[in-house]
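Here's a quick briefing to read with the model on your screen. Take a look at the picture, then work through the points below.

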Amino acid sequence: MERRSIFIVLLLILNTLSWRVQAQCEASVIEAYNTQCLEKIKPLGFNFLKNYKLDGQGGNKRVIEVSYVFSTGTTYVIAVANAHAENKGLAITLFDAQRNKVASSFIEDKKVYYPAIQLECKKTGIYYISFSFVDTKEFCGGAVLGFKR
Amino acid sequence: MKKLLLSLTLILFLFSCGEDADPDDDDNTTQDTTSTDDSRRAKLSPDVIKGIIESIPNPIEISFLIKETGLKYDPTILNSIDKISDYNTDYRKALNLGVYSTDLGYANIYGQSQDAINFLQGVKEMADGLNIGKFFDYETIKTLASNSDKLDELIQETTTNLERMNEYLQQEDRSDMTVLILTGAWVEAVYLTTSVAQKQSNDQLNIRIAEQKVTLDQLSLLLGHYETSPKMKKLKAELEELDQAYKNIDVKYEKGESKEVIEDGILTIQQTEVPVINMTQEDLDNIYQKISDIRSQIIS
């Protein structure tokens with residue numbers, strides 16, 4: 001009986017450990033994703049502004065939100081990258097200062113994920129950029145904010 | 001045997017409880033970082049501070065705008081690197097790290113290699129003085145600064161290095177230094193913009209100056225969190241005086257419908273609002289006077 005209990009506990013430990021390994025989102029991996037984002041936006045003439053590390057902590061953090069002051073007359077781009085070439089499972093949603101939704105990179109009815117959102121800004125203010133892990137078990141990614149005049 | 005079982009269960013418990021949040025809670029952890037009421041000000045959590053810090057725009061945007069107006073490079077409006085040794089407290093080092101980083105960006109954009117290298121030295125010495133020099137790859141940036149066709153890499157490298165410094169400061173519970181770096185950088189950027197606008201009026205620059213009220217509010221909120229420090233309190237009071245110079249300025253946007261199009265495979269939002277800025281020359285002069293005064297206190 002005791003042996004069986006030990007076996008069950010060991011099995012649970014192994015299961016927990018393997019989940020934690022899967023949940024890890026190493027800095028070097030995120031950095032590689034950030035580089036991929038940069039490679040997407042550079043040919044379009046954007047200048048680099050910020051890196052974002054999207055560590056979903058193994059699913060404990062499914063939404064990561066940041067904010068930035070966007071200025072009139074400037075075009076901004078937010079690009080994301082994860083383990084999927086099509087960015088499946090990683091969505092960007094942009095909100096204005098009043099928390100009105102401006103755009104989302106995930107078109108739910110078509111299940112399409114755009115790799116980036118571009119905003120031709122005509123209204124200065126704080127914008128909220130929300131990164132969401134959607135229907136996925138991979139909670140790791142990178143994002144970059146860029147701008148051009 | 002019971003002890004063994006107990007130990008194993010304890011290990012399992014520790015691993016299971018390692019994460020600190022409920023997934024459902026985290027789904028709704030978006031925090032309003034714009035509120036400025038006193039009750040919130042007293043309770044800014046590290047996450048909120050981090051959020052506001054991240055929202056402050058990079059001064060490099062303003063340098064691009066200045067260059068786009070067609071105005072020539074003007075080294076006389078930049079800080080002197082001869083003053084480096086005068087900045088002998090952490091407070092002054094942090095503020096002037098910000099000032100030099102803005103000047104560095106301005107010189108870089110205009111391809112002024114020698115000035116850029118000088119400001120790079122300024123940034124490095126301030127960073128070394130704050131024990132964050134290890135995050136600033138001086139040699140790489142210097143090489144890029146000497147190479148006129150590597151502007152995008154130079155900006156990326158410089159910005160990433162500054163990002164790492166700020167990240168480290170926040171990890172080390174030194175966010176006050178980050179706030180000072182950002183304040184110094186912003187003050188210098190607004191000073192450069194208003195100085196240029198004083199010499200040659202330009203609608204784009206004027207709009208950008210008027211819209212700085214948004215960032216000014218964010219910085220005041222951050223500085224308010226550190227008001228127990230007399231220096232930070234004084235700096236905040238200076239920014240509040242600058243805020244007074246903005247009191248008659250009215251920024252409105254004529255409503256427009258946003259359009260969604262796909263450009264280069266990217267979802268593109270085309271806003272159509274039109275800014276309507278009500279700002280007199282006197283308002284501009286007042287902002288210029290006050291920002292010059294604040295900047296002078298920082299760099300003297």
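In chain B, 68% of the contacts with a separation of 6 or more are between residues 24 or more positions apart; two residues are in contact if their C-beta atoms, placed from the backbone, lie within 7 Å. This is a predicted model, where local features need pLDDT of at least 70, side-chain atom pairs count only at pLDDT 80 or more, and totals for chains, interfaces and linings use all residues. Residues are numbered from 1 along each chain as its sequence is written, while chains are lettered from A and ligands numbered from 1 in the order in which they are written.

**Chain B overall**

- Chain B has 14 helices and four strands; these are DSSP runs numbered from the N terminus, with helices being H or I of at least four residues and strands being E of at least two.
- Of its 300 residues, 38% count as buried (20 or more other C-beta atoms within 10 Å of the residue's own; 12 or fewer is exposed, and in between is partly exposed, with C-beta atoms placed from the backbone).

- Six strands make an open sheet with mixed pairing, in the order 1(A)-10(A)-3(A)-8(A)-3(B)-2(B); two strands pair if DSSP finds at least two bridges between them.
- The edges are strand 1 (47–55) of chain A and strand 2 (259–263) of chain B, each pairing on one side only.
- From one strand to the next, the twist averages 20 degrees.
- Where do the two chains join up? Strand 8 (residues 116–120) of chain A and strand 3 (residues 266–270) of chain B run parallel, joined by four bridges.
- A:Gln118 has B:Thr268 as its bridge partner in strand 3 of chain B.

**Strand 3 of chain A**

- This strand is mostly covered, with six of its seven residues buried.
- Strand 3 of chain A runs antiparallel to strand 8 of chain A, with five bridges, and antiparallel to strand 10 of chain A, with seven bridges.
- A:Ile78 has A:Ile117 as its bridge partner in strand 8 of chain A, and A:Val80 has A:Ala143 in strand 10 of chain A.
- Helix 2 (residues 27–41) of chain A lies across strands 1, 3, 8 and 10 of chain A, at about 35 degrees to strand 10 of chain A; axes are lines fitted to C-alpha atoms, for helices over the stretch in contact, and angles run from 0 to 180 degrees between N-to-C directions.

**The nonpolar core**

- The largest nonpolar core has 114 residues, and A:Ile78, A:Ala79, A:Ile129, A:Ala143 and B:Val123 touch the most other members (a core is a set of buried Ala, Val, Leu, Ile, Met, Phe, Trp, Tyr and Cys residues joined through C-beta atoms within 7 Å).
- Helix 10 of chain B gives the most to this core, with 14 residues.

- Helix 6 (residues 90–109) of chain B packs against helix 10 of chain B at about 45 degrees, with their axes 7 Å apart.
- That angle makes the pair oblique (under 35 degrees is roughly parallel, over 145 roughly antiparallel, 65 to 115 roughly perpendicular, and the rest oblique).
- B:Asn202 sits in the loop between helix 10 (175–199) and helix 11 (203–210) of chain B.
- Why does B:Asn202 count as partly exposed? Because it has 19 C-beta neighbours inside 10 Å.
- Apart from neighbours within four places in sequence, B:Asn202 is in contact with B:Thr69 and B:Ala197.
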